[in-house]
Amino acid sequence: MTDKLKEIRLAGLEAFAAAETSDQLELLRQQYLGKKGLLTEILKGLGRLSPEERRQTGQLANEIKNQLAGAIESRKEELLANASLFVQPPDLTIPGTGMARGGLHPVTQMCYDLNDAFRSLNFEIFSEDEITSELYAFDHLNFPPGHPARETMDTYWIEGTESKHGAERLCLRPHLTGGSVRYLQKHGAPARFVYPGRVFRNESTDSRHERAFFQYEALIVDRDFSFSSGLLLVRTILEKVFGREIPVRMRAGFFPFVEPGFEIDMACQVCGGEGCPVCQHSGWVEVMPGGSPHPNVLRAAGLDPDVWSGFFINIGLDRLVMMRYGVDDVRLFHSADLRFLEQFR
Amino acid sequence: MKASLNWIRTYADLPADITAEQLSHDLTMRTVEVEAVTNPADLVDGIIIGRVITIRKHPQADRLVVCDVDIGEEETSQIVCGGTNLYENQLVVVAPVGASVRWHGEGQRVELAAAKVRGVVSNGMICASEELDLEDLFPPSEDEEAEIVDLTALFPDACPGQPLADVLGLGDLILDIDNKSLTNRPDLWGHYGLARELCAIYGGTLRPLPTYQKPESAADYAVSIADPSRCFRYDAVVYEGVRPEKSPFHMRRLIWSVGMRPINIIVDITNYIMLAVGQPTHAFDESHVRNGIRVRTAKEGESLELLDGRELTLLPSDLLICDGGDKAIGLAGIMGGARDSILPETRNIVFEVANFEAIGIRKTASHHRVRTEASMRFEKAIDTQRCDLALGIAQQLLSEWQPGARLVAAGAHRARETESIELPVSLQFLNVRSGCPITAEAAAAALTPLGFGVCFDGRDTLTLQVPSWRATGDVSIKDDILEEVCRMIGYENFRYTPPAITLGKAVRQLGMESDRAIREFLAYRAGLQEIFTYPWVDDSFLSITGGKTDSLVSLASPPSPDHHYLRGSLIPGLLEATVLNSRYYETYGLFEVAQVFAKGEVSLFTAEEKLPLQERRLGLALAGAEPFPLFRLLKGILSQIPRFGRVQGWSFAPVGDKMPWADRNAWLRIVSEDGTVIGSMGLLSPKATADSGVRVPCVALAELSLDQMVPLQSRDNRFEHLPLFPLVEQDLSIVVDEKISWAQVSEAVSNHVHDAEFVEEYRGEQVPEGKKSLMFRFRLSGETGTLTAEAIDQMRSRLIKKLKYTIGAEMR
């Protein structure tokens, strides 16, 4: 009997080791350890043995039973550890499935990037109405009477008001700066804000010119603010857009609403400042105008220019987006064409 | 504007070795933007002087000859030529093999190769002026057909082989300056002003200009200004015995090198003066000017034929130059009249040097669309003192080049002189506003070379005398002085100083934050694409969507005739965008945040400013195949906006009139908590769908006011305790009358279940006509313990009973 038991043990361990699935193992478990299994059948003959033999054989049988049960469990673990969901390995070169579509307009994305940077510097974000008046678009900004921008050919005047003057002559805002005066009138100084928005010019369109485009204005007004500190605005924007510090320079520039006025250049990112056709071999690319608000503009905003000064910049968001992604046609931004917009998800 | 460095050097001692790059950089940093620097000599690179030795007939062609030309080498060069004015010993312009020319003055320049012309070898060509872009400098005479440039008379000492550029003296640097950067600097519209600026930059000396002396023998000439608010000064000088022949070559070359065409010595002198000091002048043929000059505004209906042949019908605001007989002879400050050209027969001239008010000139020039070199300069506001410079140069040039001319009469009316400006500026102001210390010496060193008078009181105040050429609007306040000082020191020499900032409260802008959260929800959760469309709407989409036009704001000069109105709703633009994209996509969603406009009178800042109504709105458009799922999707997105956008919630109800564009069975208004309608949503009606030409079966649209949304002070949803005992979930299908709504079912079960959720509707087989089957899922919870099977059955039958009594529901 002892020999038989030992035979069963050997056969069982071999069979278990050869099992390839947990189903096979379950069958083997029943075959060996079940109620009608081999071990039970053998043990039925225990009664015929002497008490001493019975004790010894019983002990051996138990031992074998535990051993076999353990072997089944460990084989089970082994099989699970090596299990796969696939009979045939799948083709893993097939691309992943897509996420939901949708996205923000690339101009909005750029605008939010810049907003985040300026919010971290405690700037407010400002927005204003698109229809304004000559008073805010030109008079308050120190544009001389008869300035060409006031003429119909450059600005979209509202029908019925086009031959009036000042506050009564309405237009789609040709730039954001007039709105900044409204902010200062309302909130006073010191002021620190950015002002993203869309502006409108009556001109013929091509790949570089649009009738509706986006600007991003930033303005600080504070006591005794120097233009040497104004570069903060420029640096914040360029660093956000390009992800690294970009060399900038300020040079003499004329705009009616600033004094001193600057053209602000950045090191050409195509040649790294070495000189190339893009920068006309100067190593610098003009990116934005800027300057200290003209005393007449501060006065229009109700501020005393002997107390308050500041710095202003205004950058074309469309152009920044075009530079960031290499977009070559500004008209795409208003196309509402998903084939274009979906590229910026 | 173009400027010649050679010309500038006649007024200024500048470093001799200055490079184009340096000049361009320094001027750009300090003063004006230099867009390009070119050397006119490059036009004739490789082109040399040749002497024609022999001329033979071409064996194969009647119109060609074969020349042996001495080009300074041991052997003569054989060149085939079609020139009609060739003669032996003639000094000509030769383009040897390897040089580039513009064939017959047309097309791109091409490099010459040795070639056979009708079988005869030609080593290069003898050039006509147009082939080297020199036609303005050597204008072909009208009667010669194929005239080559003849240098024999002009440069008898030129040697064969000598570079043409050397002989003509073309070596120069021409600065091309961006006109926009010059708008505030009338003093820089001439070489003398630029010379002054460069002297200030490089530390050179500016030479004085000749002064004007009226000879004692000269008679008085009658000049009167009828409107002294438009013409501040008018000087007329009469010269007799002029001979308007070709100008000396070097004068022609100078004028040509900065982009003007030499005409004759009289016209060239007027242009030269303008280019020298920025003061436009004019010469009238004296035989057309009777009894003096009178400057007056035009009479109603008066007309004038201009020098260029255009006939203008004048406005009463146009300023005219008339003669003593009141006959108009020129449009003041812009262009002379047709009949007063200086012709070769002209012998006596009236020379005009005048000063006109800037805005008037601009208005006339832009109204009649006649912008000239003169009007461009007068528009910038020139000082009256500059007339004296012009008179001086004119007198000197005429005496030098027209010795036969006599100044016989002169007269002037000087109504107003440009006033000098005295400006006190404190050093402290300069220091604070620049962010860097500036001494009185540094300020004086920057300003004195620019012509400012500088006087320092030894403590803090500089008193500055603004020179007349900067005193016509350009420099009038201390901030202008700040700019002058700092740009001359060089902005690149001011180090960045981080601003000192006092931090008050953290910025808190709930509306801005909600706006962004809503857009990000729509883009990244709802899967919609943000778009921007123009504020002007297409008339056809306006009518498809049933937009009324009487309340719309319109543009005086619209971008196109059918984009006259500004949008009063985002719907037309969204539909147009949906139609456009239906060519490439079947299922998609779009949204736009933008302002809409309606007639109105809103005065937020001043009473005089009456702006139209302007409201920020959010518009959504979905395109898909099945109408009701599309409607539900849109409703689902809209319901989630308050949660994600952190604004007060809203509900949906079919209140008011249907939107004109919507399906009569699928539209709702969006109603805020206080009962205000703040938006609408619906499916596009079959009619509007057909009219729009959209290529998808169904479009759902919504629009709601962002301005009327109320941002929450903080998030307002609350934590819910997890259920103590497991919830039991079951489905139930009931059959109800068609008129019974889900809202009624939901209401009926609300007291009996933990929550209930709509699953589906079904109509068709097994459901009687006029009825519908409605399936929903509900969850039950036990208050004291896990629900037993009996308890669940009990609750379910109570629910069924309630449904039967309240809405007549049968089980399915």
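Me: Which residue stands opposite Ile293(B) in strand 20 of chain B?

Reply: Strands of a sheet pair through backbone hydrogen bonds, either parallel or antiparallel. Here, Asp323(B) in strand 20 of chain B stands opposite Ile293(B). Strands (E, at least two residues) and helices (H or I, at least four) are DSSP runs, numbered from the N terminus; two strands pair if DSSP finds at least two bridges between them. This is a predicted model, in which local features need pLDDT of at least 70 and side-chain atom pairs count only at pLDDT 80 or more, while totals for chains, interfaces and linings use all residues. Residues are numbered from 1 along each chain as its sequence is written, and chains are lettered from A and ligands numbered from 1 in the order in which they are written.

Me: How many bridges link strand 17 of chain B to strand 20 of chain B, and how many join strand 20 to strand 21 of chain B?

Reply: Strand 17 (residues 293-297) and strand 20 of chain B pair in the antiparallel sense over 5 bridges. Strand 20 and strand 21 (residues 328-331) of chain B also run antiparallel, joined by 3 bridges; in that pairing Gly330(B) is the bridge partner of Ile321(B). The hairpin of strands 20 and 21 of chain B has 4 residues between the strands, and Asp326(B) takes a positive phi near 70°.

Me: Which residues lie on each side of strand 20 of chain B?

Reply: In a regular strand the side chains alternate between the two faces of the sheet. In strand 20 of chain B, Leu319(B), Ile321(B) and Asp323(B) lie on one side, with Leu320(B) and Cys322(B) on the other, and all are buried. A residue is buried if 20 or more other C-beta atoms, placed from the backbone, lie within 10 Å of its own, exposed if 12 or fewer, and partly exposed in between. Strand 20 (residues 319-323) of chain B is thus mostly covered, with 5 of its 5 residues buried.

Me: How should the span of helix 12 of chain B be read?

Reply: The expected span of a helix is 1.5 Å times one less than its number of residues. Helix 12 (residues 478-489) of chain B has 12 residues and should span 16 Å; its end C-alpha atoms are 17 Å apart, which agrees. Of these 12 residues, 11 are buried, so helix 12 of chain B is largely enclosed by the rest of the structure. Among the buried residues are Lys478(B), Ile481(B), Val485(B) and Met488(B). Gly490(B), with a positive phi near 105°, follows the helix.

Me: What part does helix 12 of chain B take in the side that touches chain A?

Reply: Two residues are in contact if their C-beta atoms, placed from the backbone, lie within 7 Å. In this model, 72 residues of chain B are in contact with 65 residues of chain A. Helix 12 of chain B supplies the largest share of the chain B side, 6 residues.

Me: At what angle do helix 5 and helix 10 of chain A pack?

Reply: Axes are lines fitted to C-alpha atoms, for helices over the stretch in contact, and angles run from 0 to 180 degrees between N-to-C directions. Helix 5 (residues 106-119) and helix 10 (residues 317-325) of chain A pack at about 100°, with their axes 9 Å apart. Angles under 35 degrees count as roughly parallel, over 145 as roughly antiparallel, 65 to 115 as roughly perpendicular and the rest as oblique; these two helices of chain A are therefore roughly perpendicular to each other. Residues that meet include Val107(A) and Met110(A) in helix 5 of chain A, and Leu320(A) and Val321(A) in helix 10 of chain A.
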